[in-house]
Amino acid sequence: MLVAWGFIAAAQPRTRRRLEREAPEKLVVKMRAFPALTWVAPAGVLAFLGTPTRHPHVQLHFTGGLPVALSLIGHLRQKSLSARGRSARPRAEPRRPPQHDLEQSENLCEGVHPMKTLLTGGTVVSMDPAVGDLDRGDVLIEDGVIVEVAERIDAPDAEVIDATDRIVMPGFVDNHRHTWQTAFRGVGADWTFPEWAVAMHRTVKPHYQPEDVYAGTLLGRLEALHSGVTTMLDWYHVAQSHAHEDAAVAALRDAPGRSIFCLGAGWGTPDPVDADIRRVRSDLAGDGLVTMALGLRGPEDTSMDTVARELKLAAELGLRTSLHVDVVGGAIAELRGHGLLRDTTTFVHGNGLSDEELRMLADAGSSLSISPDVELKMGFGPPVTGRALAAGLRPTLSIDDVPSVGGDMFSTMRTAFAVQRGLDGGLRSRDLLGFATVDAARSCGLDARTGNLTPGKEADVILLRADDLTVFPVTDPVATIVSAGHPGLVDTVLVAGHVVKRGGVLVGVDLPALRTRLVESRDRIAAAAGIPLDGTWRPRPESE
């Protein structure tokens, strides 16, 4: 067996180079063969290949030959189990959508995770002042973690990704997106907020089945990855049943990204939700790639006593919280008066907040998520970006929903930038890039793990094409990203060291099958709701 392994190792570099050119998805090698019963040197490779993984799509991209395999085999067996999260604790089996849906979803998404990766020759935008930016730099990743950023790094045993003519930067962080609505992309471009609320929550949501939630969430999360969003908070408020919640969690687990399931339990009702929150928390108890947050209903939907109880439960369960505060002011002052402002809460929108209320949030250490495209188009008013900064509050950016706006952070940064520059000229492009990366990671409690290219953090990295005619020549990388960037530039995406997009293509994703499922889901819901899909649907709020 060792002789055979030697022949494989000798042929591997040539084969790998050919596959990288012709079929990069075939580089993926699944680790599902059979359980490892012994751990002796002659059977070491087979035992490693058979080790059960904590995620149904964990895979390995082999980069070394026989000497590396033999010397590191014991190390890799232990480390591979942490490839999709730094915790070594076992995780319970994920809850899944109904069985017929699960059978269709197998093998739709796959990832590649070499033990050591070198990104070489790119223009590095680290978003870490201590690391700085490099006109020409390398980034070394080992076991999913950034270990070095420098002008040149020598790592002969690493998988090499040529970053020539690429901008190497941290992946985007979107801390507020209602991903379940993906099937109805674009239908609400002309809607006001009351129209959107009637359409999404009163018209189509009652007809959503768990498989619809799964399809929309999976495609929405993959879209975000495709456009460079490595971390995304899925603000779930299609609260129909436990099966709907489990389908959303399963979709996030099946997408190879860093995701936060923000459970808006009991959304739109005053019903008690403690048991449901504890149920989901028991399933998302680890610190892997999919974690949990709590979406608060807030004083506008429930009593202040309910808000206090939910915040207490969130603290008990170690959950961060998120709360919508739209165009009506006074909510922050009321929460402060009851001692309910927390440094673990992100407030979404905040267009109606006074300057004093923004200062209250800053004093409490709370976070603010701005969705500039939605806020402007739906009539919330100008984003509070500049006012938040003046109050000492570092804002962050988010998409919100794709029925109304695009799903990429490039356009979101550009809108926020243009509006605030038009008001006072005070922002700089690096501010916007910070809002969409390290600041947003901090708002999610993940700044120790992601948000910038700092050694010791997990490797959530994107490579943007600098040779594309829409941005060439790149003189100022940060200004170019903010002023002219778009999803078409996203060439390569890594999440915790996994290559999930290579050469502009998501790795191991059966997009035709997923597209078919999402269109079928949309058409079924539209038929059940009795709504047209020809652009003539105009929801009517009750006030009209």
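A salt bridge is counted here when a side-chain nitrogen of Lys or Arg lies within 4 Å of a carboxyl oxygen of Asp or Glu. This is a predicted model, in which local features need pLDDT of at least 70 and side-chain atom pairs count only at pLDDT 80 or more, while totals for chains, interfaces and linings use all residues. Residues are numbered from 1 along each chain as its sequence is written, and side-chain values use heavy atoms, with hydrogens and water left out.

**Salt bridges**

By this rule the model holds 28 salt bridges.

| Pair | Closest N and O atoms |
|---|---|
| Glu310 and Arg297 | 2.5 Å |
| Arg449 and Glu458 | 3.0 Å |
| Arg465 and Asp467 | 3.0 Å |

Glu310 and Arg297 form a salt bridge that links distant parts of the chain, 13 residues apart: Glu310 belongs to helix α9 (residues 304–317), and Arg297 to the loop between β11 (290–295) and α9. Helices (H or I, at least four residues) and strands (E, at least two) are DSSP runs, numbered from the N terminus.

For burial, the cut-offs are under 20% relative accessible area for buried and over 50% for exposed, with partly exposed in between (1.4 Å probe, protein chains only). Glu310 counts as buried because its relative accessibility is 3%, and Arg297 counts as buried at 3%. In the second pair, Arg449 is buried with a relative accessible area of 15%, and Glu458 is buried at 4%.

Salt bridges that share partners join Arg465 and Asp467 with Arg166 and Asp491 into one network.

**The sheet**

An open sheet is built from eight strands with parallel pairing, in the order β8-β9-β10-β11-β12-β13-β14-β15. Two strands pair if DSSP finds at least two bridges between them. At the edges stand β8 (172–177) and β15 (395–397), each of which pairs on one side only. From one strand to the next the twist averages 25°, where axes are lines fitted to C-alpha atoms, for helices over the stretch in contact, and angles run from 0 to 180 degrees between N-to-C directions.

Within this sheet, β9 (residues 229–236) and β10 (residues 258–263) run parallel and are joined by six bridges. Asp234 stands opposite Phe261 in β10.

**Pockets**

Pockets were found on a 1 Å grid over the protein atoms alone: a cavity is a set of points where a 1.4 Å probe fits but cannot get out, and a pocket is an open set with protein on both sides within 12 Å along at least five of seven lines; lining residues have an atom within 4 Å of a point. Grid points are joined across faces, edges and corners, and a volume is the space filled by probe spheres set on the points.

The largest pocket has a volume of about 640 Å³. It is lined by 30 residues, of which Phe193, Trp196, Ala197, Trp267 and Asp326 are the closest to its centre. Two or more lining residues come from each of α5 (193–204) and β12 (321–325), and α5 gives the largest share, seven residues.

The second largest pocket holds about 530 Å³ of space. Its lining has 28 residues, with Thr182, Ala183, Phe184, Arg185 and Gly186 the closest to the centre. Elements giving two or more residues to this lining are α6 (210–226) and α18 (511–529); the largest share, five residues, is from α18.
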